[in-house]
Amino acid sequence: MSALTTPFGFASTAGEVVSGIDLSGRRAVVTGASSGIGAETARALAATGAAVTLAVRDVAAGERVAKDITGSTGNQDVRAMHLDLADPASITAFTTAWQGPLHVLVNNAGVMACPEQYTEQGWEWQFATNHLGHFALATGLHSALAADGNARIVVVSSTGHQQSPVVWDDVNFAFRPYDPWLAYGQSKTANVLFAVEATRRWAGDNITANALMPGAIYTNLQRHTGGRGSGRVPAELIKTVEQGAATSALLATSPLLDGIGGRYFVDCNETEIVDRRSGTLHGVARYAVDPAGARRLWDLSQDLITGAA
């Protein structure tokens, strides 16, 4: 299976990759779309004519962004809905309220390298927010995605996944000393594994899922790290927010991705599988695309979510 390449790359913007694409009559949800690359991904989708829902914790902020997107694109069908990915009840309320088909789900929201914190269920905060919340959202919206017959899920992961596989016997750091970067890495590995298994499991519904590294972008995601992420990325590799949203927008809209799932993209192109930390922002760890690991994570996630219901 050859790697998928596109005409776009590092410097491409979300607006450029959706140019000429018409998604009128289609519906999209973008989590974490009240700022950063989530807002720009939502803007790009709105520019295609899609009806876009910003799934956000801060509805007032989401409504401001929705108004701004409408102003810049002319698309009147942009709205904000409340969603807290660390709260199973909030996710259930969102999925229950959703009516009709869903064509694109962008799992964009996330936290990075935050201080040690746990949900009411005892789940480590980054694993809960970055993975489990999105898992519950996607499975809760499965019927809506299946109704389309050609739906896409876009999963924002990170090169940070190379910091840690999923540690099956201790996902919640009950025994290991908590490390914010290892916790982040584990959650980002889980994001990629979800895309692999969702594509396999939902193939009969023609639902595909792909994961991506958006690049290094200075956004609210870095609020726990002094605003500069890991601090190890050279200045020339820092992207604008518009560039950071490009790979998400590409995976959500491009006809080049028709029928393509279970893959991992960087700079708008599929990246190589690696067996050790690459030292760059490219490469996906072999353990992150392992089908057996993907199935195991799905079963673990389903058990956790079911137990919290």
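User: Which strands does helix H7 lie across, and at what angle does H7 run to S6?

Analyst: Helices (H or I, at least four residues) and strands (E, at least two) are DSSP runs, numbered from the N terminus. Angles run from 0 to 180 degrees between N-to-C directions, and axes are lines fitted to C-alpha atoms, for helices over the stretch in contact. Here, helix H7 (residues 180-201) lies across S4, S5, S6 and strand S9 (264-266), at about 155 degrees to S6. The model is predicted: local features need pLDDT of at least 70, side-chain atom pairs count only at pLDDT 80 or more, and totals for chains, interfaces and linings use all residues. Residues are numbered from 1 along each chain as its sequence is written, and side-chain values use heavy atoms, with hydrogens and water left out.

User: In what order do the 8 strands of the open sheet stand?

Analyst: Two strands pair if DSSP finds at least two bridges between them. The order is S3-S2-S1-S4-S5-S6-S9-S10, with mixed pairing. Strand S3 (78-82) and strand S10 (269-270) are at the edges; each has a single partner strand, so one side of each lacks a neighbour in the sheet.

User: How many bridges join S5 and S6?

Analyst: Strand S5 (residues 152-156) and strand S6 (residues 208-213) pair in the parallel sense over 5 bridges. Val-156 has Leu-212 in S6 as its bridge partner.

User: How are two packed helices described?

Analyst: By the angle between their axes and the distance between the axes. Helix H2 (residues 36-47) and helix H3 (residues 59-73) pack at about 40 degrees, with axes 10 Å apart.

Definitions and conventions: Contact = heavy atoms within 4.5 Å.
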